[in-house]
Amino acid sequence: MKANITRTVFTLVLASMIASYGYAAQNKPVELAADSIEYDSVKGIMTAQGNVRMVQENATMTGSSAEYNSKTKEAHVFGGVQVVQEDATLTAQEVHSYDNVHMVATGDPILTKGTSKLTGPKIDYYSDKQYAIVKGWANLNTPDGIMTADQIESFFSENRAVAQGNVHIVSETRNMDATSDQAVYYGSKDQQGKTVLTGNARAVQDGNVLTGNTLTLYLDNKVIDVQGRSKLVITPQ
């Protein structure tokens, strides 16, 4: 059975129908509002158009149009999509949501979490794990600098990021430029901006060049530790 529901009726009636599905699945109801909504009660599919707003617990997703399957808990939102959950904000032209916790964003996606900003061609974000992965032209912007790589995984709850392939780190405030095959960045205050570079590691700071198999940078105090065979070229100041 299909029904077309106006925005006013929808928010009063359909929300309760969606809530029943949500509670059955995870005890977390989903409320959907829009200018117009078509609801197929047999298939459990809701198609919404205009000023779409989906709310589940402390997360809010908005966009210009959407389709939500209350049985599979899959959502597809188009057009100026914005997802806000606590201190995390995800924006993109298109977002697929699975099981209400896994979001795949495409179309200039930007994920902002606290003071960190992650961008790339596609962002996979798992809100329950506070984890995101970007493959291809990944870019992570933090107060310590900008990291780019072929792939970046961000573990937001640990304030840690793991980069793979063509890693490049630029810290203008520390006058640092570094490259390597892999890197792990620790952003918590007690780690002093610790960044471990492995594989063809190279760091340039204040004109001095340090190379080695593994370099550990402490961006807060400009200290560099090196492991394995290394080479340092000092530029007279």
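**Pockets, cavities and an aromatic cluster**

Good morning. The largest pocket in this structure is lined by 21 residues, and Gln-56, Ala-59, Gln-85, Asn-100 and Val-101 are those that lie nearest its centre. The space in this pocket comes to about 370 Å³. Two or more residues of its lining come from each of strand E4 (45–56), strand E5 (59–69) and E6. E5 gives the most, with four residues.

Before I continue, a word on the source. This is a predicted model, in which local features need pLDDT of at least 70 and side-chain atom pairs count only at pLDDT 80 or more, while totals for chains, interfaces and linings use all residues. Residues are numbered from 1 along each chain as its sequence is written, and side-chain values use heavy atoms, with hydrogens and water left out.

Some terms are also needed. On a 1 Å grid over the protein atoms alone, a cavity is a set of points where a 1.4 Å probe fits but cannot get out; a pocket is an open set with protein on both sides within 12 Å along at least five of seven lines, and lining residues have an atom within 4 Å of a point. Grid points are joined across faces, edges and corners, and a volume is the space filled by probe spheres set on the points. Strands (E, at least two residues) are DSSP runs, numbered from the N terminus.

The lining of the largest pocket has ten nonpolar, eight polar and three charged residues; here Ala, Val, Leu, Ile, Met, Phe, Trp, Tyr, Cys and Pro count as nonpolar, Asp, Glu, Lys and Arg as charged, and the others, Gly among them, as polar.

The second largest pocket holds about 290 Å³ of space. It has 19 lining residues, and Thr-115, Ser-116, Asn-159, Tyr-185 and Gly-187 are the closest to its centre. E12 and strand E14 (160–171) each give two or more residues to this lining. Its classes are five nonpolar, eight polar and six charged.

Let us turn to the cavities. How many of 30 Å³ or more does a search of the whole structure find? It finds two. The largest cavity has about 70 Å³ of space, and among its ten lining residues Thr-142, Gly-145, Met-147, Ile-169 and Tyr-185 lie nearest its centre. E13 gives the most to this lining, with three residues. The second largest cavity has a volume of about 50 Å³. Strand E6 (74–85) and strand E7 (88–98) each supply at least two residues of its lining, which divides into seven nonpolar, two polar and no charged residues.

Finally, the aromatic rings. The structure holds three aromatic pairs (ring centres of Phe, Tyr or the six-membered ring of Trp within 6.5 Å; planes under 30 degrees apart are stacked, over 60 edge-to-face, the rest tilted). Tyr-126 and Tyr-131 form a tilted pair, 5.9 Å centre to centre with 35 degrees between the planes. Tyr-131 also forms a tilted pair with Phe-155, at 5.1 Å and 45 degrees. Tyr-131 lies in strand E12 (residues 131–142) and Phe-155 in strand E13 (residues 145–155), so this pair ties together parts that are 24 residues apart in sequence.

Tyr-126, Tyr-131 and Phe-155 form one aromatic cluster. Tyr-131 and Phe-155 are buried, whereas Tyr-126 is partly exposed, at 24% relative accessible area (buried is under 20%, exposed over 50%, partly exposed in between, with a 1.4 Å probe and protein chains only).
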